[in-house]
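Here is a briefing on how two chains meet. Look at the sequence and the structure first.

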Protein chains: 2
Amino acid sequence: MPSAVTDLGADRLAALRSMLVDLDLDAAVISRAAHMRYFSGFTLGRGEEATSGYSGTLFVTASEQLILADSRYVEQAATEAPSWELRRTSDALAVELSGLLADRDALHCGLEAGALTHATWSQIAQLAPGSELHMIDDELAALRIVKDEREIDAIERACALGDRCLEHLLTVVRAGMTERELAWELESFLRANASEGLAFEPIVLAGPRASMPHGRPSEARIENGNVLLLDFGCQVDGYRSDMTRTVFIGPPDDGMRELYAVVLRAQQAAIDMLKPGVPGVAVDAAARDVIAQAGHGDAFGHGLGHGIGLETHEAPILRNYVEPLRTGMVFSVEPGIYLPGRTGIRIEDIVALTESGPRLLTQSSRELAVIA
Amino acid sequence: MPSAVTDLGADRLAALRSMLVDLDLDAAVISRAAHMRYFSGFTLGRGEEATSGYSGTLFVTASEQLILADSRYVEQAATEAPSWELRRTSDALAVELSGLLADRDALHCGLEAGALTHATWSQIAQLAPGSELHMIDDELAALRIVKDEREIDAIERACALGDRCLEHLLTVVRAGMTERELAWELESFLRANASEGLAFEPIVLAGPRASMPHGRPSEARIENGNVLLLDFGCQVDGYRSDMTRTVFIGPPDDGMRELYAVVLRAQQAAIDMLKPGVPGVAVDAAARDVIAQAGHGDAFGHGLGHGIGLETHEAPILRNYVEPLRTGMVFSVEPGIYLPGRTGIRIEDIVALTESGPRLLTQSSRELAVIA
């Protein structure tokens with residue numbers, strides 16, 4: 001539906017220009033890959049930022065919208081962002097921008113301090129002494145924090161594929177496989193089925209290794225009596241999924257069962273209180289209290305959840321989000337208990353907030369599962 | 001050989017401390033993943049920087065060496081960097097660092113402006129007003145620019161695997177395959193055979209698409225009469241390979257043969273002049289002259305070569321490197337001719353500079369190859 005896409009782009013650009021007015025800025029420079037795609041349609045592959053330079057950077061004023069691209073990317077920019085004026089670049093970003101800012105007498109320019117390196121920012125400040133540079137990261141994140149129906153639909157399709165992937169993995173996993181072999185199964189499934197592959201490097205950890213919340217799959221073998229922690233996501237039409245299940249290879253002992261039950265209760269406590277108007281921090285606290293009351297307060301070191309959309313981790317970060325949650329926000333709910341050298345248990349689902357409460361976009365069972 | 005690794009780490013740390021003395025700094029903060037691994041052994045997976053926060057950051061003074069890690073990474077840091085004192089972090093980098101700097105009365109601190117975002121740098125400056133912040137990116141790159149024998153050995157093993165991968169690809173490629181299918185063959189081979197997988201997303205481009213120096217593999221089919229450009233690398237024990245070959249699917253016409261010959265002559269001209277003492281820019285110019293004299297000066301838009309090691313692109317960047325090249329430097333030599341809408345040809349090899357001249361670490365034939 002190309003016309004709908006165009007309208008969507010126009011709405012988003014209008015919101016960006018309102019932001020310029022509100023902040024009293026003459027221009028905005030947009031650098032994050034997710035923002036380039038959100039506003040213009042220009043799309044970098046995962047990891048491509050490492051080599052793409054600043055191609056795809058947007059320069060927006062009240063009356064203009066330029067997309068910057070070097071010789072490698074001009075064809076792509078013209079195709080993917082047809083309603084943007086193309087500016088072919090050959091110099092450093094600071095050199096190109098200083099020219100643009102001077103030509104337009106832009107006194108106040110907003111840039112993404114969280115996306116530009118300090119080296120680049122300093123060089124811009126030095127070469128464009130007539131322009132004051134302002135950080136606009138939070139304001140840009142706020143523009144994307146509430147998802148529209150199309151965005152939620154894409155996230156839901158990514159989550160549904162995550163559910164199918166889990167189902168597949170539970171049919172192939174067996175004691176004796178290595179973490180890496182199972183991770184490869186997981187990746188092959190998602191690359192074959194998701195239009196844009198993985199959202200992040202999958203986490204596949206067995207036994208005591210599951211206590212590392214971001215450990216990498218290794219040559220360690222999955223053994224009887226192990227927990228198996230699977231945390232993975234994929235990308236569909238730009239939008240991402242993210243889910244974690246912790247399953248048991250052979251029947252767990254009572255201690256393990258109890259730990260699992262605590263994590264599940266913590267997650268449910270958080271989900272139960274979700275509705276528009278509740279602050280993110282209160283939801284984080286609800287899950288944390290359950291784990292603390294069970295005597296494992298120190299064993300839950302990370303935040304309860306993060307927004308998800310074009311990026312795996314975006315606003316709102318529940319642990320820091322003191323404002324009320326709003327209809328259309330989409331985020332993870334993922335409490336965990338990590339006991340170094342012993343085990344790790346995490347359960348993660350993605351929730352879209354509706355007027356009447358939470359809607360789970362991941363659908364896999366959260367009951368304790370034992371692989372015979 | 002754990003003891004050798006420890007000695008190596010000690011040498012590298014001593015060089016870092018000499019740098020502190022030379023620059024009159026009280027402390028250095030090391031942020032780039034390649035530098036963390038180089039100095040301490042702490043290793044992030046490819047792409048893991050997106051989620052690891054600042055875990056693995058090093059803080060070094062004349063008498064101390066700390067490695068910062070949040071709860072997710074403390075086990076890994078203790079295992080991989082046993083000679084470093086571990087500091088478990090829970091706050092923002094700026095908060096943790098401002099405490100460290102104040103406790104030590106550090107008046108001058110060096111940081112990586114090219115690795116830290118401007119947001120983080122500004123927050124550190126704000127929270128540590130007693131410390132002047134200095135950029136030390138170039139000085140750190142200089143510490144790694146000459147490789148030792150073990151490093152060259154690892155790069156050579158990665159290059160040898162690249163050669164084997166090319167050999168494999170040339171046996172499986174056939175007209176009718178899509179670029180993406182061949183890219184998947186390539187990736188599967190390297191992930192099955194290289195200890196740490198790919199160095200970067202492989203470039204597989206057929207026919208006119210080869211004119212995009214960093215194009216992504218697509219559903220385009222490889223057809224008779226196409227050129228096929230393959231640019232890929234892998235990672236072995238942390239060190240990377242990078243190579244490009246352009247082959248022909250069916251016999252090329254005379255125009256194509258001539259273009260290929262020009263690129264090969266340009267590469268050979270650069271290789272022929274390599275010896276310690278020659279400036280990088282002169283080598284770049286030698287290849288560029290050959291292409292310009294053949295009438296294609298505008299069609300070679302990128303630099304001739306880049307250093308390679310723990311990162312795919314590192315110092316020296318030949319095109320900007322006015323200093324004399326030194327024994328132990330390792331870099332690519334990769335001239336190309338790109339004619340948009342028609343074709344692209346690039347030949348890339350990795351060279352280690354020895355006292356007596358260049359040693360090619362990639363060994364694949366550079367003669368024009370035709371796939372029947």
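The points below cover the interface and the symmetry of the pair.

This is a predicted model, in which local features need pLDDT of at least 70, side-chain atom pairs count only at pLDDT 80 or more, and totals for chains, interfaces and linings use all residues. Residues are numbered from 1 along each chain as its sequence is written, chains are lettered from A in the order in which they are written, and side-chain values use heavy atoms, with hydrogens and water left out.

**Extent**
- Contact (heavy atoms within 4.5 Å) links 34 residues of chain A with 33 residues of chain B.
- The two chains bury about 2,700 Å² between them, with 56% of it on carbon and sulfur atoms. Buried area is the accessible area (1.4 Å probe) that two parts lose on being put together, summed over both.

- The rule finds two salt bridges across the interface of chain A and chain B. A salt bridge needs a side-chain nitrogen of Lys or Arg within 4 Å of a carboxyl oxygen of Asp or Glu.
- Arg191(A) forms a salt bridge with Glu187(B), and their closest N and O atoms are 2.8 Å apart.

**Symmetry**
- Chain A superposes on chain B by a rotation of 178 degrees with 0.0 Å of shift along its axis, at RMSD 0.1 Å (least squares on the C-alpha atoms of residues with pLDDT of at least 70 in both). That is the relation of a two-fold axis.
- The copies meet through the same surface, because 91% of the interface residues of chain A are also interface residues in chain B.
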